[in-house]
Amino acid sequence: MPLVVAIDGPSGSGKSTVSRMLAKKLRLAYLDTGAMYRAATWWALHEGIDLDDQQAVYEATLAMPLEISLDPENPRFVCGGTDISSDIRTSDLSKVVSKVATNLDVRANMKERQRDIISQAQDPNSFSNGRGIVAEGRDITTVVAPDAHVRVLLTASEDARLRRRALEVRGSDDESSLAATRDEVLRRDRDDSTVSEFMTAQDGVTTIDSSELTIDQVVSAIETLTTEVSRG
């Protein structure tokens with residue numbers, strides 16, 4: 001039976017790293033849905049569109065020629081023939097991505113695309129040979145994949161989340177790096193929380209607090225959940 005694992009949570013909770021490691025370990029496809037919003041932001045800027053013009057951004061998203069590699073060993077995003085995997089991770093883009101991520105029409109389109117990708121990953125002819133997918137993002141457990149076999153809300157303390165993101169983006173968790181990261185993380189969570197619930201687990205969603213856990217420990221905990229599901 002194809003396995004669908006949905007992992008939700010705020011910025012810096014570790015969901016991307018955990019999801020990739022879990023997908024590699026279980027030989028599943030991997031989808032970073034947050035990166036899809038980053039890609040849409042990159043595309044709108046590339047097309048010279050004002051991000052405050054919600055209708056124009058939505059129309060650009062509909063036409064966005066996005067290709068996604070679901071290989072957890074090498075996840076890539078290619079837009080219009082350009083590999084934007086690194087471009088969508090810059091601090092400058094992080095500062096404005098919420099303008100696109102909170103666009104309700106864009107979200108509706110992205111959710112439809114995400115559901116299609118999750119469905120395709122369960123096909124025997126897919127990248128994962130039908131084994132399934134690990135999908136992570138803001139509202140994966142509640143809206144995009146509420147019927148996923150395993151649904152996890154991955155949380156962490158504010159301090160832990162800031163340090164992780166500072167290390168990831170700036171290579172340091174000293175005071176200046178934390179200060180530069182604070183607005184990027186907390187404002188993004190605050191903005192996105194207006195259109196998505198990712199801080200409180202819904203019915204059937206398992207909460208894992210990663211504040212004091214290693215990545216391997218979190219991956220192991222979720223793997224245990226998948227084993228329980230497979231046993232029925």
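Me: In this predicted model, what is serine 211 in contact with, leaving aside its neighbours within four places in sequence?
Reply: Thr155, Ala156, Ser157, Ala160 and Arg164. Serine 211 itself sits in the loop between β8 (206-209) and α10 (215-230).

Me: What makes the pairing of serine 211 and aspartate 209 a polar contact?
Reply: Their side chains come to 2.6 Å, and the cut-off is within 3.5 Å for N or O atoms, so the pair counts. A polar atom of the serine 211 side chain also lies 2.7 Å from the backbone nitrogen of serine 157.

Me: Why is the meeting of aspartate 32 and arginine 89 called a salt bridge?
Reply: The N to O distance between the side chains is 2.9 Å, and the rule asks for within 4 Å, so the pair qualifies. Aspartate 32 is in strand β2 and arginine 89 in the loop between β5 (82-83) and α4 (91-94), 57 residues apart.

Me: How do you know whether aspartate 32 is buried or exposed?
Reply: Its relative accessibility is 6%. Buried means under 20%, so aspartate 32 is buried. Arginine 89, at 37%, counts as partly exposed.

Me: And why does lysine 99 with aspartate 52 count as a salt bridge?
Reply: At 3.5 Å, N to O, the pair is still within 4 Å, so it passes. Aspartate 52 is exposed because its 53% is over the 50% mark.

Me: Which residues lie nearest the centre of the largest pocket?
Reply: Ser16, Asp32, Arg89, Arg165 and Glu168, out of 33 lining residues. The volume is about 730 Å³.

Technical notes
Residues are numbered from 1 along each chain as its sequence is written. This is a predicted model: local features need pLDDT of at least 70, side-chain atom pairs count only at pLDDT 80 or more; totals for chains, interfaces and linings use all residues. Side-chain values use heavy atoms; hydrogens and water are left out. On a 1 Å grid over the protein atoms alone, a cavity is a set of points where a 1.4 Å probe fits but cannot get out, and a pocket is an open set with protein on both sides within 12 Å along at least five of seven lines; lining residues have an atom within 4 Å of a point. Grid points are joined across faces, edges and corners, and a volume is the space filled by probe spheres set on the points. Helices (H or I, at least four residues) and strands (E, at least two) are DSSP runs, numbered from the N terminus. A polar contact is a pair of N or O atoms within 3.5 Å; within protein, one must be able to donate a hydrogen and the other to accept it, and residues adjacent in sequence count only if both atoms are side-chain atoms. Contact means heavy atoms within 4.5 Å. Buried means under 20% relative accessible area, exposed over 50%, partly exposed in between (1.4 Å probe, protein chains only).
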